[in-house]
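Here's a quick tour for anyone meeting this structure for the first time. Take a look at the sequence and the fold, then read on.

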Amino acid sequence: MSARASLLETGRNDALQRNLIPCFDAFYGAALTLIDDWNAPTRPRVLDLGSNGGLFASFVRGRLPHAHLHLVEETPAALEQSRRRFAGDARVSFAMAELDQADLRGPWDLIITSLAIHHLDHSAKRDLYGRVNQVLAPGGLFISAEQVAGPTAELESQYDRLWQAEAGDLGVPAVELSRARDRLRQDHCATLGEQLMWMAEAGLADVDCAFKHWRFAVMSARHH
């Protein structure tokens with residue numbers, strides 16, 4: 001594949017993700033506002049868990065131009081996409097590992113993740129939140145932009161119905177909606193309340209939800 005073709009493929013993937021997240025601008029915007037309001041070090045160390053091609057990390061790079069970014073990818077395809085996106089940026093490093101097995105190393109000033117933790121079963125989510133707390137530097141910030149489950153079957157059905165309508169209005173083809181729903185059925189989404197509780201139980205402080213639009217939520221916490 002040529003470099004130009006690779007970049008075009010990245011652009012198509014980004015455009016599809018934007019339309020599959022109808023609240024895309026507000027969703028990532030809330031996460032970036034949290035970063036803007038954070039008292040960041042001059043050269044922050046940033047870990048992105050399950051970067052999935054580096055889209056969120058690229059937004060963070062725009063806010064923190066002097067940061068070192070370390071992206072953990074779960075698949076070779078995602079790793080390749082991240083490498084293309086950050087080609088030539090010496091302050092970005094990469095690793096490939098499953099999130100439940102990844103060596104998080106640390107310390108990190110900022111840990112971000114988007115649309116990745118819901119792939120883990122609930123026990124692994126709780127374990128990951130504990131590991132995040134262990135590797136955050138004092139004053140460090142954790143931001144998780146995630147899909148959450150409805151707290152009841154009726155609300156879960158509502159989330160699904162409204163998401164399909166909104167994504168359809170944005171022009172997502174029916175075949176892509178069907179694929180996205182198939183992927184969602186294989187995931188292990190937890191409710192917002194469960195995840196906030198697990199983060200607090202892991203020892204993280206100032207646990208909060210900064211944004212929620214049906215199944216899309218931005219959660220944050222700090223190191224004590």
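## Two helices side by side

Let's start with a pair of helices: α2 (residues 24–37) packs against α3 (residues 55–63) at an angle of about 45°, and their axes are 11 Å apart. Keep in mind that this is a predicted model. Angles of 65 to 115 degrees would count as roughly perpendicular and those under 35 degrees as roughly parallel, so α2 and α3 are described as oblique to each other. Their crossing is right-handed.

Who makes the contact? On the α2 side there are Phe24, Tyr28, Ala31, Leu32, Ile35 and Asp36, while α3 brings Leu55, Phe56, Phe59, Val60 and Arg63.

## A strand with two partners

Now over to strand β7, which spans residues 216–222. Is β7 mostly covered or mostly open? It's mostly covered, with six of its seven residues buried.

One partner of β7 is strand β5 (residues 136–147), and the two pair in the antiparallel sense over seven bridges. Here you'll find Ile143 opposite Ser220 of β7. Strand β6 (residues 205–213) also pairs with β7 in the antiparallel sense, over six bridges. In that pairing, Cys209 stands opposite Met219 of β7.

## The turn in the hairpin

β6 and β7 form a hairpin with two residues between the strands. Look out for Trp214 in this hairpin: its phi is positive, near 55°.

Terms used. Residues numbered from 1 in each chain as written. Predicted model: local features only at pLDDT ≥ 70, side-chain atom pairs only at ≥ 80, totals over all residues. Heavy atoms only, no water. Buried < 20%, exposed > 50% of the residue type's maximum accessible area, 1.4 Å probe, protein only. Helix = DSSP H or I, 4+ residues; strand = E, 2+ residues; numbered from the N terminus. Pairing = 2+ DSSP bridges. Axes fitted to C-alpha atoms, helices over the stretch in contact; angles between N-to-C directions. Parallel < 35°, antiparallel > 145°, perpendicular 65-115°, else oblique. Left-handed = near helix turned anticlockwise from the far one by under 90°. Contact = heavy atoms within 4.5 Å.
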